[in-house]
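Have a look at the structure first, and then we can walk through it topic by topic.

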Amino acid sequence: MKNKFYITTPIYYVNAEPHIGHTYTTVAADVLARYHRLLGEDVFFATGTDEHGAKIEQKAATAGKDPQEFTNQVSAKFQMAWDEFDISHNRFIRTTEPDHIKAVQNALQYMYDKGDIYKDKYEGLYCTGCEQFKNEKDLVNGKCPDHQTVPEKMSEETYMFRMSKYADKLFSLIKSDKLKIRPLARKNEILSFYHDGLKDVSFSRRNVKWGIPLPWDKSHTAYVWSDAFLNYLTILSWTGRGPKLNSKAKEFWPADVQLMSKDILRVHATIWPAMLLSLGLPTPKSIFVHGFFLIDGAKMSKSLGNVISPDDLLGRYGVDGARYLLMSATTFGHDGDIGFAAFDEKFNADLANGLGNLVARVVAMTLKLIKSGGELKKKESFLNWKKIINEYQENMAAIALDAALKTLTNAARATDKYITDTTPFKIIGKDNDKAGEILYQCLENIRLITLLIWPFMPGTAEKIWQNLGQQPATVLSQKLTKNIINKHINISGDLIKPKPPFPRLSNI
Ligand code: MSP
């Protein structure tokens, strides 16, 4: 039976259009989903939009729109953006879909019937930007550090979730890596958060109308996070009836990797797994937390207004250029500053002068060789591919995406240097046997680089295969198996001199 792999992104709020922070997480999840498909696994890749709650209710009112109309429009923008970025999700879920709503009601009813949800009065400081209650010690100068706003004092009748009941169990699941949180620093941060104990959490709002009504008391709507978390199961068509799983959910739950940034780790490492325990379901296998993109040291966010749009990236670098730059911009798992100047430089160095130029050169020389009566001569590559593939796979398994890419840019650079050192362009027509051996190795390197880079830049890899006379579907059907090194390139189709896939940016 095929290995299963289930990966999720957060479902994004629709209070504003997608920005590159969202794009970053989604492209990273896409890279992992494609990589696992390349391994021959059965992958489910989930993403979507989070459409209820006070924040969106307010935003729709400000825009003078009915909330459903408003969320329809913004959610469509997310879906279009993911199409443009070549995202290969299996399903896009919206929390306003009737099946999701019904399943959330069933699930909350299940928890209520079990005694895990109870009526109380709650007082606290609420940050609408985060859609979370905050402790005094979470604030900096009285403000939410992520949104730079003073949280609202709230006191209202609410239904509480008995999260405290699951604290010990969750602590040991996290400590033992049964629920693995990475990078390690993030795991430790969560474990120390557990040291102060877990309090019960407010799970319903009386004053928010734009939400899912609690089935047993329709004067309350479900807390937006309780609604949102369940998307990870409802996207698999789970109906909310506690531990009873339908076939798709049985196949894929628990998730292998839940990808997100640090802003929402705490809720994902407390409320979410506590809900799963209450529902009698296993917790996810792992949560991976990447850093924030910063601009001049500040978090880029809709609320702060310092957003770079995904369209800016697409317009300037093309889909695969943008995907490459996002994935190589910073050390995956850590914060990093980004900006157009650094992107431009990397684009020219790694793509225009790097991979793009390498393919163009090698194809042109091979055509010249064939024209002069020579042919390619099979020879084992001067690069140690066994080692490179191992390193790449280790990095992919550890979700060190930038490091995995680096192994490939290094291989492209080494091939370029090999050409400079061995000067096949000078010996074509004079020593065709030698030139044939050199070019064969270069083509082999390109074959393996493009196969491994496919999860990052699928369109480019497929175009390059076509330039080399290979059918993308055939190449992909080989999968990334152990004997991939011995497959060897078989240039049987026609070589096509490529148009530069990454035209050099000249105005820098
Ligand atoms: N709706 C909730 C998530 C519910 S999941 C059950 C939410 N939405 S959000 O639109 O605010 O998305 C937050 C996520 O977007 C982050 O965890 C991260 O994945 C991504 N990013 C948002 N801004 C980012 C940066 N500046 N940098 C990197 N990623 C960023 O929270």
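In which strand is Glu-152 found? Glu-152 sits in strand 6, residues 152–161; helices (H or I, at least four residues) and strands (E, at least two) are DSSP runs, numbered from the N terminus. The model is predicted, so local features need pLDDT of at least 70 and side-chain atom pairs count only at pLDDT 80 or more, while totals for chains, interfaces and linings use all residues. Residues are numbered from 1 along each chain as its sequence is written, and side-chain values use heavy atoms, with hydrogens and water left out.

**Around Glu-152**
- Glu-152 is partly exposed, with a relative accessible area of 42%; buried means under 20%, exposed over 50% and partly exposed in between (1.4 Å probe, protein chains only).
- Not counting residues up to four places away in sequence, Glu-152 touches Gly-124, Leu-125, Tyr-126 and Thr-128, where contact means heavy atoms within 4.5 Å.
- From C-alpha to C-alpha, Glu-152 and Lys-134 are 9.7 Å apart in space, and they are 18 residues apart in sequence.

**The nonpolar core**
- The largest nonpolar core has 162 residues; such a core is a set of buried Ala, Val, Leu, Ile, Met, Phe, Trp, Tyr and Cys residues joined through side-chain atoms within 4.5 Å.
- Helix 17 (residues 432–453) gives the most to this core, with twelve residues.
- The residues with the most contacts inside the core are Tyr-6, Phe-203, Trp-253, Met-327, Leu-401 and Phe-456.
- Leaving aside neighbours within four places in sequence, the contacts of Phe-456 include Val-31, Asp-320, Arg-323, Met-327, Tyr-392 and Leu-401.

**Helix packing**
- Two packed helices are described by the angle between their axes and the distance between the axes.
- Helix 14 (residues 385–397) and helix 15 (residues 401–422) pack at an angle of about 160°, with their axes 7 Å apart; axes are lines fitted to C-alpha atoms, for helices over the stretch in contact, and angles run from 0 to 180 degrees between N-to-C directions.
- Helix 14 and helix 15 are therefore roughly antiparallel to each other, a label for angles over 145 degrees.
- Trp-385, Ile-388, Glu-391, Tyr-392, Asn-395 and Met-396 in helix 14 meet residues of helix 15, among them Leu-401, Ala-404 and Leu-408.
- In helix 18 (residues 458–467), the buried residues are Pro-458, Thr-460, Ala-461, Ile-464, Trp-465 and Asn-467.
- Those buried residues pack against helix 1 (20–38), helix 12 (310–328), helix 13 (340–371), helix 17 and helix 19 (472–477).
- Gly-469, whose phi is positive, near 75°, follows helix 18.

**Backbone points to check**
- Most residues other than glycine have a negative phi, and most peptide bonds are trans.
- The peptide bond from Arg-182 to Pro-183 is cis, with omega near 0°, and Pro-183 lies in the loop between strand 7 (180–182) and helix 6 (184–195).
- The peptide bond from Trp-253 to Pro-254 is also cis, with omega near 5°; Pro-254 belongs to the loop between helix 9 (247–252) and strand 12 (257–261).
- Asp-86 is not a glycine, yet has a positive phi of about 60°; Asp-86 is in the loop between helix 3 (67–84) and strand 3 (91–94).
- Asn-141, not a glycine either, has a positive phi of about 50°; Asn-141 is exposed, with a relative accessible area of 76%.

Notes: Angles under 35 degrees count as roughly parallel, over 145 as roughly antiparallel, 65 to 115 as roughly perpendicular and the rest as oblique.
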